[in-house]
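Work through the exercises below with the model open. Try each task before reading its solution.

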Amino acid sequence: MSLDRPRPGIAVPEVPPSPRTGRSAGLTASAWLAAVAALVAGGLTSGLSAQFPPPARPPRPATAAPTPDAAPTVPAKLPTGRSILDKHVAAIGGREAVLGHKSTHALGTLSMPSTGLTGALEIYGAHPNKTLLKISLGGVGEVLEGFDGTYGWSLSPMTGPMLLEGRQLEEKRFDSDFYSDLRSESRYTSVTTLERGDFEGRPCYKVRLVRKTGGEDIEFYDVATGLKAGSITTRETQMGTVTGTTIESDYRKFGNLLQPTKVVSHIGGLDQVITISSIEYDQVPPSVFNLPQGIKALLK
């Protein structure tokens, strides 16, 4: 599982949806969602000129050397979007290392500094597209969100059991791809480098990925290291269509792959911070992704 796929977040609804179906109580970042981050474009260069008094005796025309025109500034050619994505894959360990695993289990914490909430976090993933998120928040309880390859669902003390449907289900299926780090061409209609600029104080390439399922994602890749620095994504939530920003940093090696261990999401003024402490591969039993009883009851 790629840990840089849109990750779930928490949003406490004011009014619970219907008990049978509804929109996810969590937000999904590859839908970390929030206000759009501004990119700082490269600065313009300017030249200085000085004036000198004319010489007492102007030079003879035959010996006057022509003043060459200033060479026009040619913008640096941007690398292709695909080459930027491939550099990221190479930086984290390579395509074969990514394909060499069939499941992932990550442990960590989630905190929302402005609210004082913090809790234990578990993220499970398995090939081809199964996911499970568990968050235990003090004062709230356990929040679960998953996709078993067919059904997308969530279960929390705030909303009870809910099935995802429509656009939310489509996006959950897309985001649950276990090998999403590879950014397979079969998933996108186009991948385009938009510009080079600053993202969170780091020189980055800005890449636009248009999904075949509809919509687009904007991703940022560190110019020096090739590693993914963050993203701007839009997803459907129970609060409607939400756009937000994630910042990925503190890459560490677990097994044969580098993974970001700090992911900060900005969601409409609410910051969420995920810190990963451990990741293990190929140890997740299939039963982890079994639907909870509360979700199964909705399918009857």
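Predicted model: local features only at pLDDT ≥ 70, side-chain atom pairs only at ≥ 80, totals over all residues.

**Exercise 1.** Locate the partners in the salt bridge between Glu219 and Arg183.

*Solution.* The closest N and O atoms here are 3.1 Å apart. Glu219 sits in strand β12 (residues 216-222). Arg183 sits in the loop between α3 and β10 (188-199). The two are 36 residues apart, and the pair links distant parts of the chain. Both Glu219 and Arg183 are buried.

**Exercise 2.** Classify Asp222 and Arg202 as buried, partly exposed or exposed.

*Solution.* First, the contact. Asp222 and Arg202 form a salt bridge through their side chains, at 3.4 Å from N to O. Asp222 is in strand β12, Arg202 in strand β11 (residues 202-211), 20 residues apart. Now apply the cut-off: buried means under 20% relative accessible area. Asp222 has 11% relative accessibility, so Asp222 counts as buried. Arg202 has a relative accessible area of 22%, so Arg202 is partly exposed.

**Exercise 3.** How many salt bridges does the structure hold, and which residues are linked with Asp175 in a network?

*Solution.* The count is 14 salt bridges. The network links Asp175 with Arg211, Asp217 and Arg235.

**Exercise 4.** Describe the setting of Thr246 and its contact with Ser231.

*Solution.* Thr246 is part of strand β14 (residues 240-254). Its relative accessibility is 1%, so Thr246 counts as buried. The side chains of Thr246 and Ser231 are joined by a polar contact of 2.8 Å.

**Exercise 5.** Which residues touch the most other members of the largest nonpolar core, and which element gives the most to this core?

*Solution.* The largest nonpolar core has 26 residues. Leu121 and Ile135 touch the most other members. Elements that each supply at least two residues include α1 (81-92), β5 (117-126), β6 (130-137) and β16 (270-281). β16 gives the most, with four residues. A second, separate core has 11 residues, among them Trp153, Leu163, Phe289 and Leu291.

Note on methods:
Residues numbered from 1 in each chain as written. Heavy atoms only, no water. Salt bridge = Lys/Arg side-chain N within 4 Å of Asp/Glu carboxyl O. Buried < 20%, exposed > 50% of the residue type's maximum accessible area, 1.4 Å probe, protein only. Polar contact = N/O pair within 3.5 Å; in protein donor to acceptor, adjacent residues only side chain to side chain. Core = buried A, V, L, I, M, F, W, Y, C linked by side-chain atoms within 4.5 Å.
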